[in-house]
Amino acid sequence: MSVFPASRLRRLRRTDTLRAMVRETSLAPGDFILPFFVTHGRGVRDEVRSMPGVFQLSVDELVREVRELPGLGIPAVLLFGLPAAKDPHGREAYDKDGIVQQAMRAIKDASPETIVVGDVCLCEYTDHGHCGVVENGQVLNDPTLELLAQMSVVQAQAGADVIAPSDMMDGRVGAIRRALDEHQLADVPIMAYSAKFASGFYGPFREAADSTPQFGDRRSYQMDPANGREAMREIAQDVAEGADMIMVKPALAYLDLIRRAREAFDLPVVAYNVSGEYSMVKAAAQNGWIDEQRIVLEILTGIKRAGADLIISYHARDVAKWLP
Ligand code: PBG
């Protein structure tokens, strides 16, 4: 390796064009999946207090927004639902007329080229707010698998192009794969939230999706933030069970794991730039403390540089408008 003065790294930083020519990582609208929160009613647009610019939308409003995405180059959306009523088993999650299923049919009608990803998890639908069936204060693994599998089939039948389980029960990818295959849905891929951590960064999402656990927390199923090797085991297990894409979530405090996933696995790696990561940037920008556009592009470039192929981000629409 040549050193100074033969090597002067500033030579390639002299002009905009030169810098662009040697840039190693670039963002494009096609890298993004935009999440939405869909709610019952008509004409509903309720802004989430802790997530400026993010709304709970009724299906009609959602469809209006999704129609604009192909023009912006954003290929995919991720749907979360706010049910009319919650109960211990989260019934609306796997009702064919549940709110997310209605939204899926409407989107596939209005904007057929948009890829619809269905988040599969019970926490928005259960009255206790946990991601599975609860008995004696415990979140039960195996009885939950049956409901997640049913939810996946119902979503795929409503038009979901991709099924994304976020519950963190053991064995759910295999259970969902089997159920889809048995229902002639073998072509529907699974994007597994494989390395999903029990994170404080989900705080604002729980307001948006009204999914705060009513007792305890999610540490008995979501991962301990301290564990990187275990994250690789989670991913390996999901791959073995039939995952088509793998995910690391949250993104920013886990960039090392995005990198490790990229190096250890050849499946597409998805990173979830979660609600708390979004809200911190928004709050600081609203205070005039940071330059929002610059910071957002820097964060997302960092996630991509770490190894993500796709990024789920609430900033996606802004980014698509900012990119040249
Ligand atoms: C449902 C789910 C959550 C998120 C995505 N799916 C919340 C949680 O696990 O508590 C978080 C997304 C975000 O914070 O943006 N289990």
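**Cavities, a pocket and a ligand**

The structure holds two cavities of 30 Å³ or more, and since this is a predicted model, I will describe what was computed from it and go no further than that.

Let me begin with the largest cavity, which contains about 130 Å³ of space. Its lining is made up of 19 residues, and those that lie nearest its centre are Cys123, Lys196, Tyr202, Phe205 and Lys249. If we sort that lining by class, we find nine nonpolar, four polar and six charged residues.

What sits in the largest cavity? It is the ligand that sits there, and so the next thing to look at is the set of residues around it. There are 18 residues around the ligand, and the ones that come nearest are Lys196, Arg206, Lys249, Ser275 and Tyr314. By class, the shell around the ligand divides into 10 nonpolar, three polar and five charged residues.

Now I would like to go through some individual atom pairs, and I will start with the side chain of Arg218, where an N or O atom lies 2.9 Å from an oxygen atom of the ligand. In the side chain of Ser166, an N or O atom is 3.4 Å from a nitrogen atom of the ligand. For Lys249, too, an N or O atom of the side chain is 3.4 Å from a ligand nitrogen atom. How much of the 400 Å² that the ligand exposes when taken alone does the protein bury? The protein buries 100% of that area.

Let us move on to the second largest cavity, where about 50 Å³ of space is found. Its lining consists of Met168, Met169, Asp170, Gly171, Arg172, Glu234, Gln237, Asp238 and Glu241. Which element gives the largest share of this lining? It is helix H8, covering residues 229-241, which contributes four residues. Sorted by class, the lining of the second largest cavity has two nonpolar, two polar and five charged residues.

Next comes the largest pocket, whose volume is about 580 Å³. The pocket is lined by 13 residues, and Arg23, Thr25, Leu297, Glu298 and Thr301 are the ones that lie nearest its centre. In this lining there are four nonpolar, four polar and five charged residues.

Lastly, Asn136 is not a glycine and yet has a positive phi of about 50 degrees, and Asn136 is found in the loop that runs between strand E6 (133-135) and strand E7 (138-140).

Note on methods. Residues are numbered from 1 along each chain as its sequence is written. This is a predicted model: local features need pLDDT of at least 70, side-chain atom pairs count only at pLDDT 80 or more; totals for chains, interfaces and linings use all residues. Side-chain values use heavy atoms; hydrogens and water are left out. A residue is near a molecule or strand if one of its heavy atoms lies within 4 Å of it. A polar contact is a pair of N or O atoms within 3.5 Å; within protein, one must be able to donate a hydrogen and the other to accept it, and residues adjacent in sequence count only if both atoms are side-chain atoms. Accessible areas come from the Shrake-Rupley method with a 1.4 Å probe; for residues, only the protein chains shown count as cover. On a 1 Å grid over the protein atoms alone, a cavity is a set of points where a 1.4 Å probe fits but cannot get out, and a pocket is an open set with protein on both sides within 12 Å along at least five of seven lines; lining residues have an atom within 4 Å of a point. A molecule sits in a cavity or pocket if more than half of its atoms lie within 2 Å of its grid points. Ala, Val, Leu, Ile, Met, Phe, Trp, Tyr, Cys and Pro count as nonpolar, Asp, Glu, Lys and Arg as charged, and the others, Gly among them, as polar. Grid points are joined across faces, edges and corners, and a volume is the space filled by probe spheres set on the points. Helices (H or I, at least four residues) and strands (E, at least two) are DSSP runs, numbered from the N terminus.
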